[in-house]
Amino acid sequence: MSNRSNPSGSAATLIIVAHPDLETSRINKRLAAELERRGNVTVHRLYETYPDEKIDVAREQELLLTHDRIVLQFPLFWYSSPSLLKKWMDDVFELGFAHGKGGDKLNGKELLIATSSGGAQSMYQAGGFHNYSYSELLRPFQQSANLAGMIYRPHFVVSGIREVSDEQLEKYAADYAAYVEGRLALSRTKD
Ligand SMILES: Cc1cc2nc3c(=O)[nH]c(=O)nc-3n(C[C@H](O)[C@H](O)[C@H](O)COP(=O)(O)O)c2cc1C
């Protein structure tokens with residue numbers, strides 16, 4: 001895990017990368033590499049850290065406590081995240097930490113979702129091939145953020161990955177860095 005201090009004084013940012021095979025990844029690998037190259041955020045690769053999928057809850061909670069902006073980055077799998085990210089949330093956002101009595105530890109922190117989808121953006125709308133917008137499909141993350149008292153920010157999506165040229169991917173990588181640093185406020189998609 002790369003873990004560098006943030007010299008700009010802006011929000012300390014944690015990127016949780018949940019891709020089961022980053023070696024063969026094109027999009028998520030490039031996006032994560034761009035952030036590591038710039039070096040002012042903590043990039044945490046879940047599947048590499050926990051090949052046995054046994055999550056160290058105390059360690060993960062400590063990481064959350066020491067960062068203000070949390071980015072969940074993953075390829076869209078069956079309209080949701082890969083399973084280890086779901087498990088991470090199930091285990092780490094526990095009662096007394098993220099919700100319930102004493103569960104105020106994430107209050108005021110930001111939650112951002114960055115994902116990639118095989119389907120084109122135009123397919124993600126009412127009447128389109130995938131019927132629902134990204135915003136609708138990401139609602140469980142949004143409501144989890146609400147419950148935990150976090151501030152949910154607009155998502156970042158790289159869509160239609162087979163049509164993304166190498167040049168476009170470089171532009172996405174730069175945009176992603178801007179998004180993560182809070183310089184690109186709006187999601188890439190209208191919804
Ligand atoms: C198990 C699985 C499920 C997937 N489900 C979806 C999906 O629901 N919607 C979609 O647009 N793409 C889906 N895809 C395509 C992935 O999102 C796409 O391959 C990934 O975003 C590419 O990113 P990468 O280059 O970092 O691997 C799926 C791929 C796999 C392997």
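Let's start with Arg 183, which is exposed at 53% relative accessibility (exposed means over 50% relative accessible area, buried under 20%, and partly exposed in between, using a 1.4 Å probe and protein chains only). Its salt-bridge partner is Glu 181, with N and O 2.7 Å apart. Glu 181 itself is partly exposed, at 26%.

A quick word on what you're looking at: this is a predicted model, where local features need pLDDT of at least 70, side-chain atom pairs count only at pLDDT 80 or more, and totals for chains, interfaces and linings use all residues. Residues are numbered from 1 along each chain as its sequence is written, and side-chain values use heavy atoms, with hydrogens and water left out.

## Salt bridges

A salt bridge here is a side-chain nitrogen of Lys or Arg within 4 Å of a carboxyl oxygen of Asp or Glu. By that rule, the count is 14. Here are some of them:

| Pair | Closest N to O distance |
|---|---|
| Arg 45 and Glu 48 | 3.8 Å |
| Arg 153 and Glu 110 | 2.6 Å |

Why does the pair of Arg 153 and Glu 110 tie together parts that are 43 residues apart in sequence? Because Arg 153 sits in the loop between β5 (151–152) and β6 (156–158), while Glu 110 belongs to strand β4 (residues 110–116). (Helices, H or I with at least four residues, and strands, E with at least two, are DSSP runs numbered from the N terminus.) Arg 153 is partly exposed at 34%, whereas Glu 110 is buried at 12%.

Glu 48 is exposed, at 55%.

Some bridges share partners, and in this way Arg 30, Glu 34, Arg 37, Arg 38 and Glu 170 are joined into one network.

## Asn 107 and its contacts

Asn 107 is in the loop between α4 (83–92) and β4, and is partly exposed at 45%. Which residues does Asn 107 touch, not counting those up to four places away in sequence? They are Ala 148 and Gly 149, where contact means heavy atoms within 4.5 Å. A polar atom of the Asn 107 side chain lies 3.0 Å from the backbone oxygen of Ala 148. Gln 73 is another story: 34 residues from Asn 107 along the chain, with 21 Å between the two C-alpha atoms.

## A nonpolar patch

On the surface, Phe 77, Trp 78 and Tyr 79 make up a nonpolar patch with about 400 Å² of accessible area together. Patch members have over 30% relative accessible area and no salt bridge; like charges are joined within 9 Å, and nonpolar side chains (Val, Leu, Ile, Met, Phe, Trp, Tyr) within 5 Å. The areas come from the Shrake-Rupley method with a 1.4 Å probe, and only the protein chains shown count as cover for residues. Phe 77 lies in the loop between β3 (69–75) and α4, and is partly exposed at 36%.

## Two positive phi angles

Most residues other than glycine have a negative phi. Glu 53, however, has a positive phi near 65 degrees; this residue is in the loop between α2 (46–49) and α3 (57–65). Asn 131 also has a positive phi, about 70 degrees, and lies in the loop between β4 and α5 (134–137). Glu 53 is partly exposed at 32%, and so is Asn 131 at 39%.

Terms used:
A polar contact is a pair of N or O atoms within 3.5 Å; within protein, one must be able to donate a hydrogen and the other to accept it, and residues adjacent in sequence count only if both atoms are side-chain atoms.
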